[in-house]
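Please read this briefing alongside the sequence and the structure. The points are grouped by topic.

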Amino acid sequence: MSVWSPVEIDFSKISFEEDIASLKKKESFIKRYYYGFIAGIIVVLMSSFLWLAINQFPFFILFIILSFFLFVWLHASILSLKKGLIKLKVAEKNKWVYSPARSTYLFSLFSQRFKRFFYEETSTLRSRRYTPFFEHVFWGAFDKQTNSYDFMAGDFNYYVERSSGKDRSIVRYTDHFFIVRMRTDIKGEFRLYSKNIASRITNFFFKQNIVTESIDFNNSFSFSYQNNDSETKVDIMSVLSPVVIEDLVSFYKVKAGTARSMGGARILFEQECIVFTAPGSLLPNKKGLRLSSLDVSEEDTAVMQDRLDLFFELASKLSTSLTNSEY
Amino acid sequence: METVYLVFSVLAAFLLYLLFTYNSFVRLRNQVFNSFSGIDVQLKKRNDVLPNLVTIVQSYAKHEQSLFQSIAKTRSEVYSCLEKKDISTLSSQDMALSKHVTSLFAVAEGYPELQASQQFLSLQKQLVHLENQIAASRRIYNSNVTLFNSQLQIFPNNVLNKLFGFQEQNLYVLEDQS
């Protein structure tokens, strides 16, 4: 299988065919028994009123709750299945490789390669009981302005422990990532991440603050880099040309704060690739409980394609600017 | 006694507010100057690349002397405006120079040998890249100026600014000379 990845992946550990077969099996299962499920929910709901009629209030409540849970389960199954089917169709159309399954293996590889990016920055409150995982991962290539770029993209899920007093709860966060293979003139690496109070304090103490000419950019992003010397700063400033600054600000405006996230919108520049992460799933849930919701339309795939196109556009513009930095 | 504390607290809060407002105006104004220097850098880069492009086109299209002279004149005007930081004249000269560059490319289209020259193609690519950078620098500058001017105009900053005396900055608007 000839796909690009920034880390060495043992593809035998990812069961592409089985995962896609299981997705299709789930689709046919829900399609076949859909009316049965709906009838079941209605029967449970109706019988709850029977319990009420014979003055069995606890059973009435129990059956109401049961019908509610059945409804939520069916709804969630259809939504998650639809997401997988849309992505599968987009992947087939573009001849990309797609893995819908949850993979802790991929997370472990990527958290080692991009340790600070996928591991440390979201680890402060991360639950030790649940392992983060990658899901709905694509590998492929796209063409922009006579150039072809290898990429991979997907969802990155992690759990955070929230506690208030004696109550503890686990919250699942989903970010999406996009990694594009791009040879740049950057020595070492540097990261841009959404500005927050913690980053302001870090920058104050570690003096890792680079002021660009754009107020919007300075208010949106904080910097992080390994060597705090003037040479590194000059390198970063040479990458952040006016066009790149504008593109990154637009990326931030589109992506930041669209969903809950620990990391927010972040970008890692390296010599070999650029990594983007942003809050929320690559393809957010669509509404719909009807059986017809499972049919993937052109409109559905266009939504997915648009979301990827934003990254393709940004990556290609960055590539033009980064490779022309000698001008 | 409590009244004295209260008066002092209000006074201290007001002084702190004055301090923060003044500092934020200074920061914003410096950002505006910084973003203007971004335009300055890109325009100077374009001015450095242009003579090479003119020379190579001149070797093929000898009869376009008036265009080459206009480019040289506008180029020196741009330099002079940059020295004086005269934004309103600079924007019109910048626009004129961009138009001349477009005319230069149009002239070059009439010479297939020139179009095939690697040196010409490389310079053309550089110039297109620089034009994009200049356009982005302009937008960044204008965005900063808008933010700075808005901060000066909103209440109560407009009242405080009577005390501080910060001047509103001009937007970099491309003006057509013709």
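In this predicted model, B:Arg138 counts as buried because its relative accessibility is 11%, under the limit of 20%. Its salt-bridge partner is B:Asp94, with the closest N and O atoms 3.1 Å apart. The two residues link distant parts of the chain, since B:Arg138 sits in helix α5 of chain B and B:Asp94 in helix α3 (residues 87-108) of chain B, 44 residues apart.

**Salt bridges**

- B:Asp94 is buried too, with a relative accessible area of 0%.
- Salt bridges with shared partners join B:Arg46, B:Asp94, B:Glu131 and B:Arg138 into one network.
- Over all chains, the structure holds 16 salt bridges.
- Side chains of opposite charge can pair when their charged atoms come close.
- In chain A, the side chains of A:Lys82 and A:Asp300 meet in a salt bridge of 2.9 Å, N to O.
- A:Lys82 lies in helix α2 of chain A and A:Asp300 in helix α9 of chain A, so this pair ties together parts that are 218 residues apart in sequence.
- Both A:Lys82 and A:Asp300 are buried.
- B:Lys44 and B:Asp40 form a salt bridge of 3.1 Å, N to O, between their side chains.
- Both B:Lys44 and B:Asp40 belong to helix α1 of chain B, where they are four residues apart, about one turn of the helix.
- B:Lys44 is partly exposed at 29% relative accessibility, whereas B:Asp40 is buried at 11%.

**Where chain B meets chain A**

- The contact involves 20 residues of chain B and 16 residues of chain A.
- About 1400 Å² is buried between chain B and chain A, and carbon and sulfur atoms give 58% of that area.
- B:Gln31, B:His129 and B:Ile140 supply 35% of the area that chain B buries against chain A, more than any other three residues.
- One salt bridge is found across this interface.
- A salt bridge of 2.5 Å, N to O, joins the side chains of A:Glu246 and B:Arg139.
- Seven residue pairs, both residues at pLDDT 80 or more, are in polar contact between chain B and chain A.
- On the side of chain B that touches chain A, the elements giving two or more residues are α1 (2-58) and α5 (118-153) of chain B.
- Of these, α5(B) gives the most, with 13 residues.

**Nonpolar cores**

- The largest nonpolar core has 58 residues, and A:Phe178, A:Phe269 and A:Phe276 have the most contacts inside it.
- Apart from this core lies another, of 40 residues, including B:Ile39, B:Ile56, B:Ala108 and B:Leu127.
- Beyond its neighbours within four places in sequence, A:Phe178 is in contact with several residues, among them A:Phe142, A:Met152, A:Ile274 and A:Ala315.
- In soluble globular proteins, nonpolar side chains tend to be buried together.

**Aromatic rings**

- The structure holds 46 aromatic pairs over all chains.
- A:Phe57 and A:Phe60 form a tilted pair, 5.7 Å centre to centre with 35° between the planes.
- Both A:Phe57 and A:Phe60 lie in helix α2 (residues 57-94) of chain A, three residues apart, about one turn of the helix.
- A:Phe57 is partly exposed at 47% relative accessibility, but A:Phe60 is buried at 13%.
- The ring centres of A:Tyr158 and A:Tyr173 are 5.6 Å apart and the planes are at 5°, so this pair is stacked.
- A:Tyr158 belongs to strand β3 (residues 147-164) of chain A and A:Tyr173 to strand β4 (residues 167-181) of chain A, so the pair ties together parts that are 15 residues apart in sequence.
- A:Tyr158 is buried, with a relative accessible area of 0%, and A:Tyr173 is buried at 5%.
- One aromatic cluster includes A:Trp96, A:Tyr98, A:Phe178 and A:Phe276.

**Chain A: overall and local features**

- Chain A has nine helices and eight strands.
- Of its 327 residues, 50% count as buried.
- In helix α3 (residues 104-113) of chain A, the buried residues include A:Leu106, A:Phe107 and A:Phe110.
- The buried residues of α3(A) pack against α4 (115-119), β2 (133-144), β3 and β4 of chain A.
- A:Ser281 is placed in the loop between β8 (273-279) and α9 (298-323) of chain A.
- A:Ser281 is buried, at 11% relative accessible area, and its side chain makes a polar contact of 2.7 Å with that of A:Asp155.

Terms used:
Residues are numbered from 1 along each chain as its sequence is written. Chains are lettered from A and ligands numbered from 1 in the order in which they are written. This is a predicted model: local features need pLDDT of at least 70, side-chain atom pairs count only at pLDDT 80 or more; totals for chains, interfaces and linings use all residues. Side-chain values use heavy atoms; hydrogens and water are left out. A nonpolar core is a set of buried Ala, Val, Leu, Ile, Met, Phe, Trp, Tyr and Cys residues joined through side-chain atoms within 4.5 Å. Buried means under 20% relative accessible area, exposed over 50%, partly exposed in between (1.4 Å probe, protein chains only). Contact means heavy atoms within 4.5 Å. Rings of Phe, Tyr and Trp (its six-membered ring) pair if their centres lie within 6.5 Å; planes under 30 degrees apart count as stacked, over 60 as edge-to-face and the rest as tilted. Buried area is the accessible area (1.4 Å probe) that two parts lose on being put together, summed over both. A salt bridge is a side-chain nitrogen of Lys or Arg within 4 Å of a carboxyl oxygen of Asp or Glu. A polar contact is a pair of N or O atoms within 3.5 Å; within protein, one must be able to donate a hydrogen and the other to accept it, and residues adjacent in sequence count only if both atoms are side-chain atoms.
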